[in-house]
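Please open the structure in a viewer and keep the sequence beside it.

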Amino acid sequence: GYAIRTSEYLYRHDPTSTPTVCGSQREPWTHRVVDKVYAGNQHAPASSESSSESSSSCDTLPPAYYITTGALVPDSYDCVVPIEDCVVSDDNLKIQIMATAQ
């Protein structure tokens with residue numbers, strides 16, 4: 001799957017309210033894939049905004065990590081979206097999360 005931060009899409013009107021989704025839930029969420037995390041790695045990667053795998057055309061997209069079953073989820077990432085719910089770009093640098101998965 002792909003580890004993402006839902007905070008990229010959630011906000012609070014006030015600290016005691018329930019988070020609400022920003023924008024339309026019908027539009028796919030697009031992320032840039034910044035790294036890969038495999039089961040058996042001793043440590044999850046540090047949450048980083050930059051990576052040698054990202055391209056300049058994707059720099060403004062929220063980051064995501066490709067993550068295998070059993071791998072450690074990077075700090076501050078709170079959701080793993082199954083591969084089946086994503087459309088992956090031909091160069092494997094971007095994903096779109098289908099609206100049905102949101």
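Where is Arg 5 found? Arg 5 is in the loop between E1 and strand E2 (10-11); helices (H or I, at least four residues) and strands (E, at least two) are DSSP runs, numbered from the N terminus.

Before the next selection, two remarks on the model are in order. This is a predicted model, in which local features need pLDDT of at least 70 and side-chain atom pairs count only at pLDDT 80 or more, while totals for chains, interfaces and linings use all residues. Residues are numbered from 1 along each chain as its sequence is written, and side-chain values use heavy atoms, with hydrogens and water left out.

**First stop: Arg 5**

Select Arg 5 and display its side chain. Arg 5 is buried, because its relative accessible area is 11%; buried means under 20% relative accessible area, exposed over 50%, and partly exposed in between (1.4 Å probe, protein chains only).

Select strand E5 (residues 63-67), of whose five residues four are buried. E1 pairs with E5 in the antiparallel sense over two bridges, where pairing requires that DSSP find at least two bridges between two strands. Within E5, Tyr 65 stands opposite Ala 3. On turning to E4, one finds that E4 and E5 run parallel and are joined by five bridges. Val 37 has Ile 67 in E5 as its bridge partner.

Next, select Tyr 2, Ile 4, Tyr 9, Trp 29, Val 33, Ala 64, Val 81, Cys 86, Ile 95 and Ile 97, the ten residues of the largest nonpolar core. The term denotes a set of buried Ala, Val, Leu, Ile, Met, Phe, Trp, Tyr and Cys residues joined through side-chain atoms within 4.5 Å. At least two residues of this core come from each of strand E1 (2-4), strand E4 (29-37) and strand E8 (94-97). Apart from this core lies another, of seven residues, including Ala 3, Val 37, Tyr 65 and Ala 71.

Select His 31, which has its place in strand E4. Is His 31 buried or exposed? With a relative accessible area of 0%, His 31 is buried. A polar atom of its side chain lies 3.3 Å from the backbone oxygen of Pro 62, and the backbone oxygen of Pro 63 lies 3.4 Å from a polar atom of the His 31 side chain. Leaving out residues up to four places away in sequence, the residues that His 31 touches include Ile 4, Tyr 9, Leu 93 and Ile 97; contact means heavy atoms within 4.5 Å.

**Fifth stop: the aromatic pairs**

Rings of Phe, Tyr and Trp (its six-membered ring) pair if their centres lie within 6.5 Å; planes under 30 degrees apart count as stacked, over 60 as edge-to-face and the rest as tilted. By this rule there are three aromatic pairs. Select Tyr 38 and Tyr 66: their ring centres are 6.4 Å apart and their planes are at 65°, so the pair is edge-to-face. Because Tyr 38 lies in the loop between E4 and E5 and Tyr 66 in strand E5, the pair ties together parts that are 28 residues apart in sequence. Tyr 38 is partly exposed at a relative accessible area of 40%, and Tyr 66 also counts as partly exposed, at 22%.

Now select Tyr 65 and Tyr 77, an edge-to-face aromatic pair with 5.1 Å centre to centre and 85° between the planes. Tyr 65 is in strand E5 and Tyr 77 in the loop between E5 and strand E6 (79-81), twelve residues apart. Tyr 65 is buried at 2% relative accessibility, and Tyr 77 is buried at 7%.

**Last stop: the cysteines**

How many disulfides does the structure hold? The structure holds zero disulfides, a disulfide being a pair of cysteine sulfur atoms within 2.5 Å. Select Cys 79, whose nearest cysteine sulfur, that of Cys 86, is 9.3 Å away. Cys 79 is partly exposed, with a relative accessible area of 25%, whereas Cys 86 is buried, at 10%.

How values were computed
Polar contact = N/O pair within 3.5 Å; in protein donor to acceptor, adjacent residues only side chain to side chain.
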